[in-house]
Amino acid sequence: MRMTTDTTELILDAAQELVQLRGFNAFSYRDIADRIGIRTASIHYHFPRKDDLARTLIRRYHDRFLTALRRIGGEDRRPETRLTDYMALFSSLLAQGDRLCLFAVFSADLTSLSGEVRQEVRAFYDTNVDWLRHVLEEGRRTGAFGFLGSSGEIARGIFALLEGEILVTRAFPAPSPVTSMLPIVRSLLAWTDEPLSRGSTGTGPASGPDEPHYPHS
């Protein structure tokens, strides 16, 4: 059983890297097999269809992201601290070079995906927007944020900004891996206190998938 579990994780790790670097439709099971030194028949044993692989990849990514969000939201931390650390999760991806967020890749390939895979992609989107909406509403209640309008619309906008920055930075690399979106988000939210530096609260965000840090790699 352990051998099966280890092989499954090796397949998923290799597949995720290929998805983030090339796109879901730009690699085959042969590419995975060559990377980890197994037969393609072994991959088909674990994932009979590429659609099965896609669903498992997104669910694993989603689960790891939820773990990162729970870490960010722990210990009754202020909404502005949680939002700063949430944005730092995306900075961690920028530091990894050409890798894209798995959500962005699957969103780009959405028309070629099955309905079940689309549902997994949508669930990841909803998780992020709902989490951001709750943080924004709390921040408005406490006076940390002074934005007008719908918290849901602002949450969708922030998520789109962060995902879009990753795509743009791939084509036009930023001078540093630190996100440039924080000043924009601060202005959008009428958030006027001094910016929180990462680590200033003593419980910075997770930084990779197995710690677990952000599930980009």
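Are Y86 and W131 buried or exposed? Y86 is buried, and so is W131, where buried means under 20% relative accessible area, exposed over 50% and partly exposed in between, with a 1.4 Å probe and protein chains only.

This is a predicted model, in which local features need pLDDT of at least 70 and side-chain atom pairs count only at pLDDT 80 or more, whereas totals for chains, interfaces and linings use all residues. Residues are numbered from 1 along each chain as its sequence is written, and side-chain values use heavy atoms, with hydrogens and water left out.

The mean pLDDT of the chain (the predictor's confidence in each residue, from 0 to 100) is 83, and 80% of the residues reach 70 or more.

A search of the whole structure finds 13 aromatic pairs; rings of Phe, Tyr and Trp (its six-membered ring) pair if their centres lie within 6.5 Å, and planes under 30 degrees apart count as stacked, over 60 as edge-to-face and the rest as tilted. Two stacked pairs are listed here.

| Pair | Centre to centre | Angle between planes |
|---|---|---|
| Y86 and W131 | 5.0 Å | 20° |
| F103 and Y125 | 6.1 Å | 20° |

Y86 lies in helix α5 (residues 79-94) and W131 in helix α7 (residues 115-142), 45 residues apart; helices (H or I, at least four residues) are DSSP runs, numbered from the N terminus. F103 and Y125 are both buried. Ring pairs link Y61, F65, Y86, F90, F103, F124, Y125, W131 and F159 into a cluster.

Technical notes:
Helices (H or I, at least four residues) and strands (E, at least two) are DSSP runs, numbered from the N terminus.
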